Amino acid sequence: MNSFNNTTMYSGVSDAPPAIRYTRLILYPVVFAIGLIGNSIVSALILKKGRNSSANGYFILNLALSDLMAILLYLPFDLAYLELKYVWPFGAFMCKFINSLNKLSVMVSGLTLSAIGVDRYKAIVHSLKERLSRRQAFVMIVVIWIFASGLQLPYVFALKLDPGGECRIDLSFWENNLQFQITYIFGVFTPEFVIPAIALGYCYIAIALHLERTHQRNSKNGLFQESTMTIRERQNRKTTQVLTGLVTIYTICVLPHQICVLMITFDKSYLKSEIMRPAYEFTRFLSITNSCLNPIMYSAISKSFRKDIRNFFRGKANEKSTSMRFLRSTHSKSPEKKHIKDPGSFHDNTMHY
């Protein structure tokens, strides 16, 4: 999907420099392989648990499946489209279907991250209240997909093949440019970035403040022995690390492309810039890499996830010790619980990952 003139979005295509083309031919297969393998493993580990998966496990599974959708159904077509110098050989239906799926995947990922943030917030800050059930998580996931799919409809109708074979957004679908700008702001930018940014930002700050207050209060009152405090701090640190990693990856991958599109949407003179075209293509590829980075982040942060992977390939995925601890949100049961003066306070913010 590419450029604007008076009626269309992204035309005037020039051949990519050899360096960009060769880099693309290397990076696309790498992202495809890593994303396919990583997200398939995450999905398999969660599906192995079946009904034992938590609500958070459902959200992580949904994140992995939306990433797999982008990798399998968008990446190969996009590479072919670029290599054919922006000639779409797959027909008008696939022009609409494939490009809409990519935007759908990004939007579902952002909204799912918001749901993960809310689940973490409830688990830590309001841990004594009723947690999200698996049924509630499933309903939330269905709503996310329906909501995101509905927002793609204007672009499904606007995407067209021009006589030269380029798959583009026809701006004549909207009565004027202001309508197109409003559609993009509220139908793409807001659900893809603004909503996740606000939801995750609030949840992260609330979690961090709660953990700090709880740590200070428990240390002051001497509620825990040193070893128990160390266990809790490590568990809480894993919780915030995973949430921080997901937010950071999504922001780095998605925000630059959103900025590029916003610049073009509100000032078409940027289309004449020699810098905008490679910047647009680079940030578009960066948004795609989001689909392969989450499993890498899980592996880098969570020792238990690395252990789950090893045991999965050894055929030991059903063992109790390899139950996707980095996804768990149940209260911990400390072996030193007998030393706790106030048992109720122990469950205030302890989490498993």
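A residue counts as buried when its relative accessible area is under 20%. With that cut-off in hand, welcome to a short tour of this predicted model. Trp174 has a relative accessible area of 7%, so Trp174 is buried.

**Aromatic rings**

- A pair of aromatic rings is described by the distance of the centres and the angle of the planes.
- The count of aromatic pairs in the model comes to 13.
- In the pair of Trp174 and Phe180, the ring centres lie 4.9 Å apart and the planes meet at 70°, so this pair is edge-to-face.
- One aromatic cluster is formed by Phe77, Tyr81, Tyr86, Trp88 and Phe90.

- Helix α3 covers residues 75–83, and its buried residues are Leu75, Phe77, Asp78, Leu79, Tyr81 and Leu82.
- What do the buried residues of α3 pack against? Their partners are α1, α2, α4 (92–125), β3 (167–170) and α8 (276–301).
- After α3 comes Lys85, which has a positive phi, near 60°.

**Helices α1 and α2**

- Helix α1 (residues 18–49) and helix α2 (residues 55–73) have axes that come within 9 Å and cross at roughly 150°.
- The two helices are therefore roughly antiparallel to each other, and their crossing is left-handed.
- On the α1 side, the contact involves Phe32, Gly35, Leu36, Asn39, Ser40, Val42, Ser43, Ile46 and Leu47.
- These α1 residues meet Gly57, Ile60, Leu61, Ala64, Leu65, Asp67, Leu68, Ile71 and Leu72 of α2.
- By residue type, the contact of α1 with α2 has twelve nonpolar, five polar and one charged.
- As background for reading such lists, an α-helix has 3.6 residues a turn, so residues three or four places apart point the same way.

**Helices α8 and α9**

- At what angle do α8 and helix α9 (residues 303–313) pack? The angle is about 110°, and the axes are 5 Å apart.
- That angle makes α8 roughly perpendicular to α9.
- From α8, the contact uses Pro295, Tyr298, Ser299, Ala300 and Ile301, while α9 supplies Lys303, Phe305, Arg306 and Ile309.
- The residues of the contact of α8 with α9 divide into six nonpolar, one polar and two charged.

Technical notes
Residues are numbered from 1 along each chain as its sequence is written. This is a predicted model: local features need pLDDT of at least 70, side-chain atom pairs count only at pLDDT 80 or more; totals for chains, interfaces and linings use all residues. Side-chain values use heavy atoms; hydrogens and water are left out. Axes are lines fitted to C-alpha atoms, for helices over the stretch in contact, and angles run from 0 to 180 degrees between N-to-C directions. Helices (H or I, at least four residues) and strands (E, at least two) are DSSP runs, numbered from the N terminus. Angles under 35 degrees count as roughly parallel, over 145 as roughly antiparallel, 65 to 115 as roughly perpendicular and the rest as oblique. A crossing is left-handed if the near helix is turned anticlockwise from the far one by less than a right angle, and right-handed if clockwise. Contact means heavy atoms within 4.5 Å. Ala, Val, Leu, Ile, Met, Phe, Trp, Tyr, Cys and Pro count as nonpolar, Asp, Glu, Lys and Arg as charged, and the others, Gly among them, as polar. Buried means under 20% relative accessible area, exposed over 50%, partly exposed in between (1.4 Å probe, protein chains only). Rings of Phe, Tyr and Trp (its six-membered ring) pair if their centres lie within 6.5 Å; planes under 30 degrees apart count as stacked, over 60 as edge-to-face and the rest as tilted.
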